[in-house]
Structure formats: C-alpha cells, structure tokens
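Student: I'm new to this one and would like to learn how to read it. Could you walk me through a few features?

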Amino acid sequence: MVTEHEVKHIAELADVGIHKEELETFTHQFNAILEYFDTLDLVRGVPAAEDGLVNILREDEIEPSLTQEEVLRNAPAREDGFIKAPRVM
Amino acid sequence: MAGHTLTFEPADPYHAFLTTCSRPEHGHGPLAGVPIAVKDNISTKGIETTCASKILKGYIPPYDAHVVTLLRKAGAAIAGKTNMDEFGMGTTTENSAFGPTLNPCDTGRVPGGSSGGSAAAIAGGMVRMALGTDTGGSIRCPAAFCGIAGLKPTYGRVSRYGLIAYANSLEQIGSMGKTVSDVATLMGVIAGHDRRDSTSVDRPFAHTPKGEIKGLRIGIPEEYFGPGVDPEVATVVRKAIDRLVELGAVTVPCSIPSMQYALAAYYVTCTSEASSNLARFDGVRYGGPAPDTKKSWHEAYQDVRREGFGPEVRRRIMLGTFALSSGYYGKYYAKAQVARQNVKADFAHIFAGVDVIAGPTMPSIAFRLGEKSDPLSMYLADILTVPANLAGIPAISVPCGKVRGMPVGLQIMGKHFEDERVIDVAYTYEQAVI
C-alpha cells in the first residue's frame with residue numbers, strides 16, 4: 001500500500017505534478033494497480049544472463065541533417081538562435 | 001514522385017481524424033492515389049503530429065517517419081492524422097485530449113484503442129487503409145471492435161524511426177485495412193530494413209495472400225476461452241475456428257501458463273519504458289506552453305507536464321517511475337522481465353508443435369462510452385493481446401462474426417517472421433465467409 005504522501009512524492013520524482021483534488025483518487029487507483037502487480041510474485045526463474053546481442057552503433061560521421069531554423073521552429077521560447085529554458089541551478 | 005493531388009474532405013461523423021489533408025499530393029507506385037490515414041503518433045513532415053496530447057498541440061515535425069517516406073514513395077496520399085489514446089495509452093480512444101472517437105458500428109460505443117481513429121476511418125468508409133501502432137493490442141483491439149483487419153507485425157520488421165516512442169521494446173507500426181488483402185498490400189510497403197532503427201531487421205514483405213491451409217496445425221490455448229472471456233464471444237470465435245477446420249486445418253489444444261502474470265508484466269514494462277521516454281516532453285524544444293523561465297527547473301517542468309498530460313499518461317509515468325525506483329526494481333521490473341522470458345518460452349514450446357495459435361482478439365465486444373472509467377478494469381481488457389507484444393511475434397485480427405450486433409475479432413498469432421502465414425490464415429477465413 002502506498003499513501004497519499006508517497007503518491008505525491010512519486011509525482012514530484014516523475015516531474016508530472018499532481019493536483020490536490022486528484023490525490024485521493026490517484027492513490028486509490030495506484031493501490032489497486034499495485035495489488036494486481038503482486039501477481040508477479042508467482043513468477044519463477046532468473047533473468048537471462050546474456051542474449052548474445054551487442055550494441056549496434058553507426059560510425060560517427062557528419063550527415064545532412066536539420067537546419068538550426070528547422071530545429072528551433074517548434075520551440076515555444078527562443079532567443080538569439082537558442083532555446084530558452086528555465087534555470088537548472 | 002509527387003505532382004498529383006486528390007481531394008479528401010470526409011464528413012467524419014465519428015471524429016476519426018485529428019487533422020485531415022484536403023488536397024494531399026500523391027505519386028506513382030503500388031499505392032498511387034490511395035488515401036492513407038496515419039495515426040497521430042507517427043511523424044509527418046509539415047503535418048501537425050500531437051499523439052492526441054495537449055503537450056504536443058501545434059507540433060509540426062520537421063521530418064517524416066520512415067514508414068511515411070515509404071508511403072510517399074509508393075505513391076500514397078497522406079489523407080490525415082487519426083485520433084488515438086494520448087501517447088497510445090488506452091484501450092478505448094477516450095484518453096484523447098481532443099475528445100473520443102465513436103465506433104461506426106454503434107456510436108454509443110468506443111472504437112477500441114489506442115488506434116481507434118485509424119479503425120473508425122476504415123470502418124466508417126473514409127479510407128481503405130491506415131497505419132496504426134500496437135504496443136499491447138492497439139491495432140488488433142480497434143480492428144476487432146470496428147470489424148476491420150489489422151496486423152501487428154513481428155517486432156523489428158517495420159522501422160520505428162519517427163514513431164514517437166511510448167514503450168520501445170513492445171511497440172510496432174502495423175497496417176490496418178478493410179480486408180486482409182489491404183493489410184498485406186500496406187505491409188508490403190512499410191516492411192523492410194532501416195538503419196535508423198537499431199532494432200530493424202532486414203525482412204521485407206512481398207507476399208500475396210493465399211487461401212490454402214490444408215494440414216495447418218492451429219494451437220487453441222485454453223486461457224483464451226477461460227474465465228473473463230464473454231461466453232458469446234468465445235462461441236463466435238470457436239465457430240470461426242471450426243470453419244478453418246472444415247477448410248483443412250487441424251486444432252491442437254494447448255496452454256500458456258505464463259498468462260497468469262503476463263498482463264502485470266506487460267504493464268510494469270510499458271509504464272517503466274514510458275517513464276523514461278516521456279521525460280523529453282518539457283515544453284522547451286517542442287510542444288508547450290513554454291515553461292516559466294523565472295521558476296526553478298523542476299517547478300516549471302511540473303507545471304507544464306501537469307497541465308499538458310492527461311491523467312492516464314501521468315498515472316503511467318508515475319507507475320513506471322515507482323516500478324524502477326530503488327527498493328522496488330527487484331519486485332516489479334526485474335520480475336516482469338523474467339515473466340517476459342517465460343511468455344516467450346511458452347510460445348516457443350507451443351510453436352514446436354503447431355503452425356499458428358488462434359483465439360479471440362478481445363474478451364468482449366466494444367465497451368459503451370464511459371464504461372471503463374476505472375484504469376485497472378481497462379487494463380484487464382488487454383489480456384489476450386499483450387502476450388504477442390511480450391514475445392515479439394506477429395498477430396492479426398480478422399472479423400469473424402457478431403455478438404449483440406457488434407463485431408468480434410479472430411486473432412491469429414504466428415512464429416517470429418511468419419507474418420505471411422498469419423495473413424494467409426486470416427485471408428483463408430475471410431474468403432470462406434464473404
């Protein structure tokens with residue numbers, strides 16, 4: 001069981017936020033789903049160690065790509081050819 | 001390749017489309033002049049692509065998804081972008097931020113989801129073919145509910161380049177059509193290798209459906225006819241399988257023991273992947289509105305995402321964040337991956353003795369609008385479709401009759417890279433009942 005306080009904490013960790021009035025319903029639904037996830041306790045076996053695949057990487061070569069104008073076109077806030085974002089620190 | 005235009009101005013009483021292109025260009029090729037509807041999570045250069053989410057309202061992709069490039073090369077006309085559950089998260093198309101799509105067979109019911117707009121556009125007679133995407137049944141469910149055909153290809157057979165990601169390890173773009181032949185035609189255009197998708201496999205599709213199934217061995221898993229499946233739906237599907245037997249197939253009873261936890265494994269996996277994939281939607285580079293640059297990063301980011309994402313999207317991001325958090329990873333994500341291995345092993349075991357597996361696509365007919373308001377009850381409706389995504393195998397839904405006036409889908413699952421065979425079985429059935 002998770003509490004309303006924990007659900008609020010998860011919403012903050014996930015950066016999705018939560019409205020006060022949603023908290024009770026969200027917590028109730030979250031617990032019903034987590035209870036259902038408990039069927040995974042029936043799972044037997046260990047994770048496969050290695051499936052034989054290795055990373056598939058391309059050569060780091062310059063290829064034609066989008067122009068700066070094309071890249072910026074969808075950004076809602078920009079300045080001097082840059083994208084404007086909130087401060088991180 | 002372009003140069004010609006056609007007129008596409010459907011009335012759209014079912015709200016199948018989010019965007020229509022009234023004068024789309026088209027060229028020459030196998031799909032010359034054929035209007036194709038494209039699900040709104042597939043990038044189309046110059047045409048708004050929203051994933052039915054407020055957070056991407058106004059987003060105009062600067063490039064085409066690989067499948068859209070292939071459609072244009074084949075001469076197709078991109079007719080418009082179809083409604084869906086926001087980011088593909090849902091089984092009804094009611095989770096669209098722009099309002100639900102209605103089922104053309106009964107407008108009081110949902111078309112299924114998440115590719116509900118594509119299915120309704122076909123069932124409503126607006127287009128013959130459409131692209132959908134299938135993460136846990138999102139092509140097959142609406143195909144079944146609307147009475148059309150839809151294929152989830154083998155994982156890797158169709159490039160995901162330009163598909164706005166929800167759960168990469170599960171999802172595939174696939175074809176939907178009025179008939180199985182339409183599905184095969186469209187699959188022939190979109191399948192093949194693309195180096196821009198690192199999971200892409202070089203297995204093009206060049207197959208004309210054949211109506212010959214003599215000696216075909218069909219596995220019938222008991223779980224697909226067990227508790228939770230509407231008995232009337234089960235009866236209609238059993239009759240369809242009897243028809244395949246009359247046409248020369250043999251049935252073999254079988255069991256998928258991992259079904260008991262497959263759905264939980266699916267939801268843990270897809271929400272975990274979603275929590276990572278959807279981190280990119282911050283209103284900074286695309287979508288919006290722009291975050292308040294006077295606020296701190298997390299504060300501004302949360303404001304944008306709380307208002308921009310609908311409740312189901314936020315719920316899945318939160319579930320995934322929780323399942324991956326330290327202390328719970330072993331209980332949820334790690335277990336789900338073992339469960340997934342077990343599902344694959346069960347299929348491998350069954351396919352050692354049969355050619356295809358058949359059962360209902362969905363455990364019920366289409367729900368009434370608003371019927372599945374509780375998220376868990378909506379998740380449970382995916383029980384018969386998610387095993388194919390967990391295993392990465394091909395699966396098709398073909399209409400096989402009606403219950404209380406609503407269409408029922410017969411699901412045929414096949415071995416990896418035997419998309420041709422599931423298409424042949426569906427085609428054989430379809431030709432026999434026309």
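Tutor: Happy to. Let's begin with an idea we'll need for packing: two residues are in contact if their C-beta atoms, placed from the backbone, lie within 7 Å. And keep in mind that this is a predicted model.

Student: Okay, which elements do the buried residues of α8(B) pack against?

Tutor: They pack against α1 (4-13) and α2 (23-37) of chain A, and also against α6 (259-277), α9 (330-351) and α10 (375-380) of chain B.

Student: How many residues of α8(B) are buried?

Tutor: A residue counts as buried if 20 or more other C-beta atoms lie within 10 Å of its own. By that test eleven of the 14 residues in α8(B) are buried, so the helix is mostly covered. Among them are B:R314, B:R315 and B:R316, along with B:I317, B:M318 and B:F322.

Student: What does the length of α8(B) look like?

Tutor: Compare the end-to-end distance with what you'd expect at 1.5 Å a residue. Helix α8(B), residues 311-324, reaches 20 Å from its first C-alpha to its last, close to the expected 20 Å. The buried residues in α7(B) are B:A300, B:Y301, B:Q302, B:V304, B:R305 and B:G308.

Student: At what angle do α4(B) and α12(B) pack?

Tutor: The angle is about 155 degrees. Angles over 145 count as roughly antiparallel, and α4(B) and α12(B) are therefore roughly antiparallel to each other.

Student: And how do α1(A) and α8(B) cross?

Tutor: Their axes come within 9 Å and cross at roughly 95 degrees. Angles from 65 to 115 count as roughly perpendicular, which is therefore how α1(A) and α8(B) sit relative to each other. A:I10, A:A11 and A:L13 of α1(A) meet B:M318, B:T321 and B:F322 of α8(B). That contact has five nonpolar residues, one polar and no charged.

Student: How many residues does each chain put into the contact between the chains?

Tutor: Chain A gives 37 residues and chain B gives 51. On the side of chain A that touches chain B, α1 and α2 of chain A each supply at least two residues, and α2(A) gives the most, with six. That side of chain A divides into 26 nonpolar, five polar and six charged residues.

Student: What about the largest nonpolar core: which residues have the most contacts inside it?

Tutor: Those are B:I36 and B:A426, in a core of 149 residues. α6(B) gives the most to this core, with ten residues. Leaving aside neighbours within four places in sequence, B:A426 is in contact with B:A149, B:V180, B:I396, B:V398 and B:I412.

Student: Can we look at a strand residue too? Where is B:P399?

Tutor: B:P399 is in strand β12 (residues 395-403) of chain B. It is buried, with 25 other C-beta atoms within 10 Å. Not counting residues up to four places away in sequence, B:P399 touches B:G147, B:I148, B:P407 and B:G409.

Student: Are A:D80 and B:C51 buried or exposed?

Tutor: A:D80 counts as exposed, with 5 C-beta neighbours inside 10 Å, and lies in the loop between β1 (78-79) and β2 (82-83) of chain A. B:C51 is buried, with 29 other C-beta atoms within 10 Å. As for peptide bonds, the one from B:G113 to B:S114 is cis, with omega near 10 degrees; B:S114 lies in the loop between β5 (77-82) and α2 (116-123) of chain B.

Notes: Residues numbered from 1 in each chain as written. Chains lettered and ligands numbered in written order. Predicted model: local features only at pLDDT ≥ 70, side-chain atom pairs only at ≥ 80, totals over all residues. Helix = DSSP H or I, 4+ residues; strand = E, 2+ residues; numbered from the N terminus. Expected span 1.5 Å × (residues − 1). Buried ≥ 20, exposed ≤ 12 C-beta atoms within 10 Å, placed from the backbone. Axes fitted to C-alpha atoms, helices over the stretch in contact; angles between N-to-C directions. Parallel < 35°, antiparallel > 145°, perpendicular 65-115°, else oblique. Core = buried A, V, L, I, M, F, W, Y, C linked by C-beta atoms within 7 Å. Nonpolar A, V, L, I, M, F, W, Y, C, P; charged D, E, K, R; others polar.
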